[in-house]
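Subject: Structure handover

Hello,

Here is the structure I promised you. Please open it and keep it beside this email while you read.

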Amino acid sequence: MPPLVLTFAASDPTGGAGLQADVLTIAALGCHPLSVVTGLTVQDTSGVEYLEAVPAGLVTRQAMRVLAESEVAAFKVGVLGSAENVRAVAAITAAHASVPLVLDPVLASGRGDPLADDETRAALLETLVPRATVLTPNTLEAERLGGRQRLLELGCRYVLVTGTHDATPEVVNKLYDANGLVREDRWQRLPGSYHGSGCTLASAIAVGLAKGRKVPDAVREAQDFTWRSLAAKLRTGKGQALPNRFFAR
């Protein structure tokens, strides 16, 4: 019986990011994915045209039905679509406080299409960030959320700030806890742009935690898996490349 990982995320018809990315990553790494749909999108590999949040009551019903019969080893949270959904997921996960939670605070698509308004961002800071075991913002998201020090002060245990958006020769990812820098990892910056790298990374961290890894080890292993999936990229459309999560096969 593989560990069960429950993801809360919006659907992405391309399979590059969102719910589909989480399911692919979790399965590729040997866990069984459970999923709750939080939003529906109209998008392709070039960008997001439209996002419609699933009503919060339906998000709760999906999750409660699954959690009533399944013992989950980790939660992964991505795009939630509304402040109401943020609060609903915070309440659901708070009832399972011993289960590690990886929060990918997606505020915009890779192209810059907004995926969270000010109310949703405020709800994240108030209710879900304090619950997170690991928070995985890129440098732009970390800045918009008030900086990694503020995020740690709000209660999350670790913040992994990723350097994919920085103008540096290498991608530098830094993991922090309340005492400061825990680890720093450097990765060859691959050419081009990618759709779904953040979802892949956060889901892979959740898998590591579900398997009992310590956070620094789970973070290192997840980065390696993500980099390899990007290096083996797929071209399914005319826009960004997609991670190939089944590169090993």
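Start with serine 82. Its relative accessibility is 14%, so serine 82 counts as buried. Buried means under 20% relative accessible area, exposed means over 50%, and partly exposed is in between (1.4 Å probe, protein chains only). Serine 82 sits in the loop between β4 (74–77) and α3 (83–94). Helices (H or I, at least four residues) and strands (E, at least two) are DSSP runs, numbered from the N terminus. Which residues does serine 82 touch, leaving aside its neighbours within four places in sequence? They are Ala53 and Thr120. Contact here means heavy atoms within 4.5 Å.

Two notes on the source. This is a predicted model: local features need pLDDT of at least 70, side-chain atom pairs count only at pLDDT 80 or more, and totals for chains, interfaces and linings use all residues. Residues are numbered from 1 along each chain as its sequence is written, and side-chain values use heavy atoms, with hydrogens and water left out.

Now helix α8, residues 215–231. Its 17 residues should span 24 Å at 1.5 Å a residue, and its end C-alpha atoms are 24 Å apart, which agrees. The expected span is 1.5 Å times one less than the number of residues. Buried residues in α8 include Val215, Ala222, Phe225 and Leu230. Among the elements that cover the buried residues of α8 are α1 (18–28), β8 (170–177) and α7 (197–210).

Next, the charges. Side chains of opposite charge can pair when their charged atoms come close. How many salt bridges does the structure hold? There are nine. A salt bridge is a side-chain nitrogen of Lys or Arg within 4 Å of a carboxyl oxygen of Asp or Glu.

Some to look up:

- Aspartate 224 pairs with arginine 228, with the closest N and O atoms 3.0 Å apart. The two are four residues apart in α8, so about one helical turn separates them. Aspartate 224 is partly exposed at 28%, and arginine 228 is partly exposed at 43%.
- Aspartate 118 pairs with arginine 121, also at 3.0 Å between the closest N and O atoms. Both lie in helix α4 (residues 118–128), three residues apart. Aspartate 118 is exposed at 55%, whereas arginine 121 is buried at 16%.
- Aspartate 185 meets arginine 183 at 2.8 Å, N to O. Aspartate 185 is buried at 4%, and arginine 183 is partly exposed at 22%.
- Glu170, Glu184 and Arg186 form a network of salt bridges.

Best wishes
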